[in-house]
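Keep the sequence and the structure in view.

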Amino acid sequence: MANTGKNNGNMPNEHLHELFVDELRDVLSAEKQLLKGLKKMATKANSETLKSAFEEHHKQTEGHVERLKQVFDSIGSTARAKNCKAMEGLLKEAEEIMEEFEDGEVLDAALIAAAQKVEHYEIASYGCLVTYAKLMEHTEAEELLKTTLDEEKETDVKLTDIAMSEANVAQ
């Protein structure tokens, strides 16, 4: 019988459990930090398409936070964030880019580059979490995390499309 996700002392690959919870706490912090960052990026974007993409991703990120709470619940843990220094650094870099290119026509391209760095970090994080959940047979957690991973990948593709059709080409 597959494990329902509770840490009951006999799950497969139980040695990964502490790492899994630690990474969940890290990504919860990352998502919460990103909510603030996306608002700033949306206000700075020149392109309505890009502004809209940032606003849409903000709504999606709110869903990611809620989904992470469900993941914690599914494994019998408390949804508690730990400060994600990686996201902190990525968002600080994004702020520097917004200041440096504030008046330039290249701002949207710079914002997309900063946002894609964030997306790639999230894709890597969720990819690892999906693998850990699968190895420990946390089926519900795996499904929830895979949904978020797929959304992060879709956002990355959308950002690339905007870059190639608007931000990185001369108008």
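Helix 3 (residues 85-100) packs with helix 4 (residues 107-135) at an angle of about 175°, their axes 9 Å apart. That makes helix 3 roughly antiparallel to helix 4 (angles over 145 degrees count as roughly antiparallel, under 35 as roughly parallel). This is a predicted model: local features need pLDDT of at least 70, side-chain atom pairs count only at pLDDT 80 or more, and totals for chains, interfaces and linings use all residues. Residues are numbered from 1 along each chain as its sequence is written, and side-chain values use heavy atoms, without hydrogens and water.

**Helix 3 with helix 4**
- On helix 3, the contact residues are Ala86, Met87, Leu90, Leu91, Glu93, Ala94, Ile97 and Met98 (contact means heavy atoms within 4.5 Å).
- They meet Leu107, Ala110, Leu111, Ala114, Lys117, Val118, Tyr121 and Glu122 of helix 4.
- By class, this contact has 13 nonpolar, no polar and three charged residues.

**Helix 1 with helix 3**
- Helix 1 (residues 17-44) packs with helix 3 at about 10°, with axes 10 Å apart.
- That makes helix 1 roughly parallel to helix 3.
- Ala30, Gln33, Leu34, Gly37, Lys40, Met41 and Lys44 of helix 1 meet Met87, Glu88, Leu91, Glu95 and Met98 of helix 3.
- Here the residues divide into six nonpolar, two polar and four charged (Gly counts as polar).

**Ser125**
- Ser125 lies in helix 4.
- Ser125 is buried, at 9% relative accessible area (buried means under 20%).
- The C-alpha atoms of Ser125 and Asp26 are 9.1 Å apart, with the two residues 99 apart along the chain.

Definitions and conventions
Axes are lines fitted to C-alpha atoms, for helices over the stretch in contact, and angles run from 0 to 180 degrees between N-to-C directions. Helices (H or I, at least four residues) and strands (E, at least two) are DSSP runs, numbered from the N terminus. Angles under 35 degrees count as roughly parallel, over 145 as roughly antiparallel, 65 to 115 as roughly perpendicular and the rest as oblique. Buried means under 20% relative accessible area, exposed over 50%, partly exposed in between (1.4 Å probe, protein chains only).
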